[in-house]
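Dear colleague,

Please find below the structure I am handing over to you. My findings follow it.

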Amino acid sequence: MKITNLPIPLIDRVRAQNPVVLTVANNVTADKVADALSASGASPIMSQAPEEAPAMVGLADAITINLGTIDQAQLTLIRAILDANAGRCPVVLDPVAVGSSDYRLTIAKRLLADYYFTVIRGNASEIASLAGLTANGHGIDAGDVQGDPVTVAKRCAHTYHTCVLLTGPTDVVTDGQDVFTNPTRANMLTVNVGSGDMLSSLTAAYLAVGDNPVTSSALVAKAFSLAGLVAARHAAGLGHWQTRFFDELSQLTSDRFAAQLAHGKDDNNDE
């Protein structure tokens, strides 16, 4: 079934409830992730100490596991956090560049075998790699994949019995049955390092206050891409865009989002 109605009130609910999102971060983008969460009304928290995993999980309303700079020390932390969580709150997996090395892919698949993730958020190459399909990623960037994005996302969702948020020229959100597609895309999001990392942790924030992983993920995907698109329309370059993008996130409300949709602001054109 194709999803057309988004739970727009969740945007205001994030600001009202201020969910705490515990992120095992990519060390390259941790500050961007924290700023994006804060600008959107959530409360970021990060940790590098397995010893405090139970305390951090006790504070959290949602968790994001990012494999962008994974090593054995961080894997120990991840397992400590997931063991302490034991299904208590929703968890998002961001399998950064898993198609780039057997090491990353093995870790991601082992985690998926040992723990349940509410949402897997990745680009087409990452999702295809997890689903056992041919993928040709370029570092952290998506490359050519075997199959169309909806088919790839559905296969991954079926494989791990979860919700998948596949980002690309057209975002796809699916649990293997219900499907949401989002053609809104700002070119700046593809060149800004950390866009996917920010979206993964924001997805966790929306899961913390929403009832349905598919519709909650669909809403945040649409709102995130629209913020990037609106910011790009008056930005001189990447640095200027980043400032305007965080401004858009900080001003995002349910009414503002609904008005932008009503006035066609999601037209896929960032010129």
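P169 sits in the loop that connects β8 (163–167) with β9 (171–174); helices (H or I, at least four residues) and strands (E, at least two) are DSSP runs, numbered from the N terminus. The model is a predicted one: local features need pLDDT of at least 70, side-chain atom pairs count only at pLDDT 80 or more, and totals for chains, interfaces and linings use all residues. Residues are numbered from 1 along each chain as its sequence is written, and side-chain values use heavy atoms, with hydrogens and water left out.

With a relative accessibility of 70%, P169 counts as exposed (over 50% relative accessible area; buried is under 20%, partly exposed in between; 1.4 Å probe, protein chains only). Beyond its neighbours within four places in sequence, P169 is in contact with N182, P183 and R185 (heavy atoms within 4.5 Å).

β9 pairs with β10 (residues 179–182) in the antiparallel sense through four bridges; pairing requires at least two DSSP bridges between two strands. V172 faces T181 in β10.

As for aromatic rings, the whole structure holds three pairs (Phe, Tyr and Trp, the last by its six-membered ring, with centres within 6.5 Å; planes under 30 degrees apart are stacked, over 60 edge-to-face, the rest tilted). The rings of F224 and F245 are edge-to-face, because their centres are 5.2 Å apart and their planes stand at 85°. Both residues are buried. Ring pairs join F224, W241, F245 and F246 into a cluster.

Yours sincerely
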